[in-house]
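Please look through the structure below with the following explanation at hand, which goes from a sheet to a residue inside it and then to a pair of rings.

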Amino acid sequence: PVRSNTTMPAIEIIEEGEDGFDLDAVVDESPPPTPPPKTARAGPASAARSPGGRAFHPSSSFAGRRPGYAFKTGPSGTGYYPDGNVSDAVAATFGEPATPATPPPRAKLSLLQPSGSADAEPHSVEVTFAAGGLAPKDLDIRMKSDGKLDVRSERWTASLKADLGHAVAPDLAEAWVHDGVATLRVPVAAA
């Protein structure tokens with residue numbers, strides 16, 4: 001095993017009650033972090049380099065997701081801190097404008113009925129909408145058995161809401177994205 005000369009700071013337990021530790025009165029008495037030295041570098045003038053070499057970008061408010069960065073308040077203030085979850089090449093895109101949020105697309109509803117039975121009750125409801133480059137992982141799909149649909153994406157200014165007009169079986173729903181179109185198909189619940 002490799003040993004390090006790093007020591008852990010002492011932790012003082014203030015109070016232990018029935019429901020655990022009360023840390024409300026904990027005061028951090030460690031000295032403030034030393035700001036990084038100012039050096040000439042490429043990139044935004046407001047960026048400060050982290051120990052890993054990637055820059056902290058100050059921002060008083062959240063301005064959208066940035067690959068490789070987390071928005072939080074930390075030792076350098078509020079802004080975007082490198083999160084270490086992506087390569088430096090991806091994180092280097094920080095200076096590029098974030099994808100602007102757009103309104104959700106308009107949904108198209110279709111009722112799927114047994115072949116040759118136009119008067120029969122539908123067996124499924126299908127919802128399609130333009131995905132605009134979204135992958136299935138970019139969609140948060142919420143569907144209730146009463147037929148209320150709510151689809152969310154970080155790229156939209158609001159959620160896509162639809163009333164499917166039928167009681168459905170959400171646990172049997174299927175969803176996919178193909179050729180830029182997202183499709184959600186859910187069976188109608190048995191009456």
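Four strands form an open sheet in the order β7-β8-β13-β12, with antiparallel pairing, where strands are DSSP runs of E of at least two residues, numbered from the N terminus, and two strands pair if DSSP finds at least two bridges between them. At the edges stand β7 (108-112) and β12 (174-178), each with a single partner strand, so one side of each has no neighbour in the sheet. The model is a predicted one, in which local features need pLDDT of at least 70 and side-chain atom pairs count only at pLDDT 80 or more, while totals for chains, interfaces and linings use all residues. Residues are numbered from 1 along each chain as its sequence is written, and side-chain values use heavy atoms, with hydrogens and water left out.

Within this sheet, strand β8 (residues 124-130) pairs with β13 in the antiparallel sense over seven bridges, and Val-125 has Val-186 in β13 as its bridge partner. Strand β13 (residues 181-187) also holds Thr-183, which is buried, with a relative accessible area of 8% (buried means under 20%, exposed over 50%, partly exposed in between, with a 1.4 Å probe and protein chains only).

A search of the whole structure finds three aromatic pairs, for which rings of Phe, Tyr and Trp (its six-membered ring) must have centres within 6.5 Å, with planes under 30 degrees apart counted as stacked, over 60 as edge-to-face and the rest as tilted. The rings of Phe-56 and Tyr-81 have centres 4.4 Å apart and planes at 45 degrees, so this pair is tilted. Phe-56 counts as buried at 5% relative accessibility, and Tyr-81 counts as buried at 10%.
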